[in-house]
Amino acid sequence: MPAIVVALVVAVLFFLGYRYYSSYLATKVYALDPAFVTPAHSMRDGVDFMPTNKHVLFGHHFTSVAGAAPIVGPAIAVFWGWGPALAWVVLGTIFAAGVHDFGALAVSVRHRARSIGSLAKDVINKRARALFLLIIFFLLTLVNAVFAVVIGNLFVANPEAVLPILLEIPLAIGIGQYIYRTRSAALIPSIVGVILLYASILLGQLLPISLAGIAAEDGLFTERNIWVILLFAYTFIASRLPVWVLLQPRDYINSHQLFIALGVIGLGVIVGMDQIVAPAFNDTPEGSPHWFPFLFITIACGAISGFHSLVSSGTTSKQLDKETDARYVGYMGAVGEGSLAVGSILACTAGIAATQVEWNELYASFATASDGAAGNFVGGVASFAENLGISNSIAVIFAAIVVISFAATTMDTGVRLQRYIVQEIAEIAGARVISRNVTIATALAVLIPLVMALLPGGGEAGYTFGVLWQLFGTTNQLTAGLALAVIAVWVTRRRRNPVAVLIPLVFLLAMTSWALVVNLGNFIEEQQWVLAPLDAIIFVLALWLIVEAALALRKGRLAALAGEPEPEPEHER
Amino acid sequence: MSLTSRLAAAWRRLERGHDQLFVARWRQGVRREARRQQDTLRALVLLESLGVDNPVAYETLEAIPYLVADVHAWHRRMGQESFGDAGVCC
């Protein structure tokens, strides 16, 4: 089947989802009011609280939520065939992610633009705040671990991409300084910066950087693992720098790269008319996980991602000009992420191989599929770029740069946030040595994911990358579950029908718990003594979330029936 | 309108759009960071008003007029609806 047909059908379904389902949500579930004075107006400060045009705000929101995760998850999940992966991305985006992202935004706007963590405390109870902190701790640990492995694998496979990635750092700092020091328009410097970044591909081809000479063939110090150690050393330093020095300028360049990559995928699919060579359903080989329920934790970002609720309630809700804009910004943000996931599916089923035999070799087992996922996406995008007349050797490095840039920025942000979470948990636990010392907190934020990242493929104790990725998926889905629980209680208390929120909530919690239980059994059987306790802890968090959600919903329903007013939100302390 | 002026107008629109979409977000982040540092400094300078002994209160006395201008926005941002004695701030 031509990839363009799939792309068009998905575009129509996304349009229908936005046109009709989000309209239902806006009127019947979230009851948006065009006359409501949003926090952007009532608390305007010109920095965080700032009324913003809805199209511009959508751009800000989309570039904040889009990253490497909606690329890697679908690139692994097509192992089960493109049918299940595509169906979950499309249905998940329309009926779960849209409800979740839009809902988190709508609820936050009605609560002085508070974050989902604070809302959990207000709407559910104080225990939910602690639960939120713990889920985020494991989410960030796994985010940092999986993206370190993704980058390590790509550096090993594409030594020509290392130099451009290194040069991106001074380039980003230079552009950042230019914008900081001048008030003139930044369009030309940005174009020049992006051109210089891609021009450095030629330099990278001349000077490929490989650590194969100093790395061991197997064991702890393989080439991939040395890259992983270097990456964490980099993030340790980068996360201590002020955000405006490196993180923000890198993010600025990435936001341009996102639109360039989407353009290349879209145009490449249209011009090349590539055929999907992967099977719609791929029989699961012996020893690989079955698609049900593992598909739903392999693709988190792209179908539904809890991380979006942090962005929706963290920055976007503070800039919403009119409450009714929440529909466009929130729901379309989910659709944008879903589109990126569909692009990844097409790259890994149509772009990456010319025949099904070639494709079968790349996706021979779950371990092969997961280890090669980012590389397969890179190969697929390179093939689409070739359709536009770009040579394969340059196109591969271009695509690798895009994925590595996204993943590196996510790691930088992740370690930075993890440092705060470590300090907050240490403060609650009374461990002042950690909570008062930034260096120790940062070291912990780096060392824990480093250990996780070094084990995949690391000798007898090792495991496949896909297993680590799925654990990351479970924490992401639990974050989404917590946000959906907050939204469901909020909707119930207002005597509106919460079914649209409850369906994705119940589905997510059921699939995540099921997958965690199956994995726990496997880990114990395989004597994986790093993963088994981690899986057990995440499962306990899932059970805790289920209990809290059920209790809060029951309480909310009783309060709504009794006509009790909603409790006033507490102030942040 | 000549072709040149039309092209120039289109370029300016493109620059404005690019600025709103990409640069505004970047500048907002820089302003947020600057404000965070300013908030930390303000909290240190106003330690005495918060009931905490400040060993360098005499040295920082001169900085107070520069930092009280937006103290109302600051205490609200920190989650306190009022600050100091009644009538002093709000």
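**View 1. Contacts of A:Leu197.** A:Leu197 touches A:Pro164, A:Glu168, A:Leu171 and A:Ile253, leaving aside residues up to four places away in sequence; contact here denotes C-beta atoms, placed from the backbone, that lie within 7 Å. The model is predicted, so local features need pLDDT of at least 70 and side-chain atom pairs count only at pLDDT 80 or more, while totals for chains, interfaces and linings use all residues. Residues are numbered from 1 along each chain as its sequence is written, and chains are lettered from A and ligands numbered from 1 in the order in which they are written. A:Leu197 belongs to helix α9 (residues 187–206) of chain A; helices (H or I, at least four residues) and strands (E, at least two) are DSSP runs, numbered from the N terminus. A:Leu197 is buried because 22 other C-beta atoms lie within 10 Å; the classes are buried at 20 or more other C-beta atoms within 10 Å, exposed at 12 or fewer, and partly exposed in between, with C-beta atoms placed from the backbone. From A:Leu197 to A:Ile428 the separation is 231 residues in sequence and 44 Å in space, C-alpha to C-alpha.

View 2. The bond from A:Phe292 to A:Pro293 is cis, and its omega is near 15°. A:Pro293 is part of helix α12 (residues 291–298) of chain A.

**View 3. Positive phi at A:Arg112.** Although A:Arg112 is not a glycine, its phi is positive, at about 55°. A:Arg112 sits in the loop between α5 (82–110) and α6 (116–124) of chain A. With 17 other C-beta atoms within 10 Å, A:Arg112 is partly exposed.

**View 4. Positive phi at A:Met273.** A:Met273, a residue other than glycine, has a positive phi near 50°. The loop between α11 (247–272) and α12 of chain A holds A:Met273. A:Met273 counts as exposed because it has 12 C-beta neighbours inside 10 Å.

**View 5. The side of chain B that touches chain A.** In this interface, 19 residues of chain B are in contact with 22 residues of chain A. Helix α1 (residues 3–45) of chain B supplies the largest share of the chain B side, 17 residues. That side of chain B divides into seven nonpolar, five polar and seven charged residues; Ala, Val, Leu, Ile, Met, Phe, Trp, Tyr, Cys and Pro count as nonpolar, Asp, Glu, Lys and Arg as charged, and the others, Gly among them, as polar.

Key:
Two residues are in contact if their C-beta atoms, placed from the backbone, lie within 7 Å.
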